[in-house]
Amino acid sequence: MAHVLAFEKPVVELVGRVRELRELAHADARLAPELKRLEEKAAKLAREMFSKLEPMQKVQLSRHPNRPYTLDYFARLFDDFIELSGDRCFAEDASLVGGLARYHDRSVVVIGHQKGRSTKENMVRNFGMPNPEGYRKAIRLYELADRFRLPVLAFVDTPGAFPGIEAEERGQAEAIAHAIEVMASIGVPVVTTVIGEGGSGGALALGIGNRVLILEFSYYSVISPEGCAAILWKDGSLAPRAAERLKITAPDLLELGCVDAIVDEPPGGAHQDHDDAARRLDRALWEALVSLDGLSPDELTADRYQRFRRLGSFVA
Amino acid sequence: MSSLPDKTPAQGFSNEKRSLGKGVFKKCGGCGSVLTAEALSDTWHVCSGCGYHHPMTPADWRRLLLDGGALERWDDHVAPADPLRFDDGKGYRERLERAKKQSGQTEAVEVGRAHIAGHPVAYGCYVFSFMGGSMGSVVGERVTRLFERATTDRLPVVLLHASGGARMQEGILSLMQMAKTVAALSRFRAVRKPYISLCLHPTTGGVAASTALLGDVNLVEPNALIGFAGPRVIESTLRTTLPEGFQRSEFLQNHGMVDRIVPRSEMKSTLTVLLSHLGGGRA
Ligand SMILES: [Zn+2]
């Protein structure tokens, strides 16, 4: 079920040719040098083509239906993942998954928004848009991590918190705010990675990391480009303009200090090679995690406080 | 995240003032009866006929709640920048200038030290007439400093919210103010002084989802709109019409999100009792 966006066609063809040659080279070792040459050339070419992408095209990549989701990364990065569920209050929310896992030699708490790949899956996952129960499960997991002194690895991929009648009845605003407070205060290392869509407050509830990483073709924004265009110009079709003005791409976010590092994606984007995307993320994630080694619980909380304390732009 | 434009429809009230002979008359947003500005001013802008609470300015709130109406202002010098050079047809700087003129304020929140019935407090009040009370870097910084100073000086915090949410024109930096203010609040908890949150009409989006509902005690005004997603967003997403009273104060109390709905006439006495119970400590 290859889904191809118009602007990525040349890159997809290129990546496809490399993949074919790789299969041939598997059977015939003499093709190895040729494969290596083509791989390098394709990577360079793909990078060149994608270096000129418009912000809205990056948003489209972040929403690509073949893009790896949280559980795709869990499967590749972690051993012994055991999912924990429920908010102990009202319901289980499958748009946000979490649990315990082993990362290299360490036990960690993992958590992330989860989108569905089919319409049927999305009925269950609610397109990765949590209700309050999702955030209250997150709170449970942050507190569990704190009590057992386990690092938290969070994965952000949501269009936003669900804007629904029942979500409001059950306190969506309070649930998000409370999750932010608990995530800010726990005395363990926290690393957040934006792997796809970083949609507003619903993303931020998983975003209070000592380190915040972002995949190359992800975005993180206070409002969706469509929502912004609808408010400013009463025209959702002007989303590309809003995407540009809002400064939501990975390099913009790095410049504004809102993320600490950009994780390169495979040629053509993470959806072209889930394994390769996970290997690249693994290197950055592990580096971020071990950079926090040796800090006491109080130092970890203070480090997180200072990281967010300096964000903002004003004259004083 | 609803960022309201800088016009303030509020409750369709200030738009309807008109001069008739010697006095200024206003039409009540609740019952429609015509009231004189003087009569409204005497009742803190509450309709004597139906009890409807019309919006008040931060200056009115100071006079209502603070001893002598006095606020020792903090951080007025923290002023907005234009980090994204945001332009949506009108430049952000131009919008800021207009908001300053309209509101008579330097930004969308005022903070400082004050007394409530003798209790010293760190006090803040959002300015809805300044770009819909939206939270950008300055609001985030002032509220963060409010909690930091309250932590250092061991003061209770009383914070009045009225905001459409995060300020779009500062993009991701405005989202980060939610993290910053809530993190400062979480540090403040350690000094065991009360944080009393008051939600005025309206409190939505990123402000609702940061400090507004995290009070040790959450108070709300009658009939205030409080919620994460704005009603228009929900209506257009779900293609439905919302039930009467949805996201209003009574709805929030029924769903367990707030402690009390407090009419203006009882606001100061309610705060005073809470401060005395929770160790506000008299000056
Ligand atoms: Zn009336």
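Colleague: Which residues is Ile176(A) in contact with, leaving aside its neighbours within four places in sequence?
Modeller: This is a predicted model, where local features need pLDDT of at least 70, side-chain atom pairs count only at pLDDT 80 or more, and totals for chains, interfaces and linings use all residues. Residues are numbered from 1 along each chain as its sequence is written, and chains are lettered from A and ligands numbered from 1 in the order in which they are written. Two residues are in contact if their C-beta atoms, placed from the backbone, lie within 7 Å. For Ile176(A), the partners are Tyr135(A), Ala161(A), Gly201(A), Gly202(A), Ala205(A), Ala209(B) and Phe228(B).

Colleague: How many residues of chain B are in contact with chain A?
Modeller: By class, that side of chain B has 31 nonpolar, 14 polar and four charged residues. Here Ala, Val, Leu, Ile, Met, Phe, Trp, Tyr, Cys and Pro count as nonpolar, Asp, Glu, Lys and Arg as charged, and the others, Gly among them, as polar. H5(B) gives the most, with 15 residues. On the chain A side there are 45 residues, and on the chain B side 49.

Colleague: What is the bridge partner of Phe314(A) in S5(B)?
Modeller: Strands (E, at least two residues) and helices (H or I, at least four) are DSSP runs, numbered from the N terminus. Two strands pair if DSSP finds at least two bridges between them. Strand S9 (residues 314-315) of chain A and S5(B) pair in the antiparallel sense over two bridges. The partner of Phe314(A) is Pro80(B).

Colleague: Is Arg85(B) buried or exposed?
Modeller: Arg85(B) sits in the loop between strand S5 (79-80) and helix H3 (92-103) of chain B. Its phi is positive, about 45 degrees, although Arg85(B) is not a glycine. Because it has 12 C-beta neighbours inside 10 Å, Arg85(B) counts as exposed.

Colleague: What is omega for the cis peptide bond between His201(B) and Pro202(B)?
Modeller: Most peptide bonds are trans. Pro202(B) lies in strand S9 (residues 195-204) of chain B. For the cis bond joining His201(B) and Pro202(B), omega is about -15 degrees.

How values were computed: A residue is buried if 20 or more other C-beta atoms lie within 10 Å of its own, exposed if 12 or fewer, and partly exposed in between; C-beta atoms are placed from the backbone.
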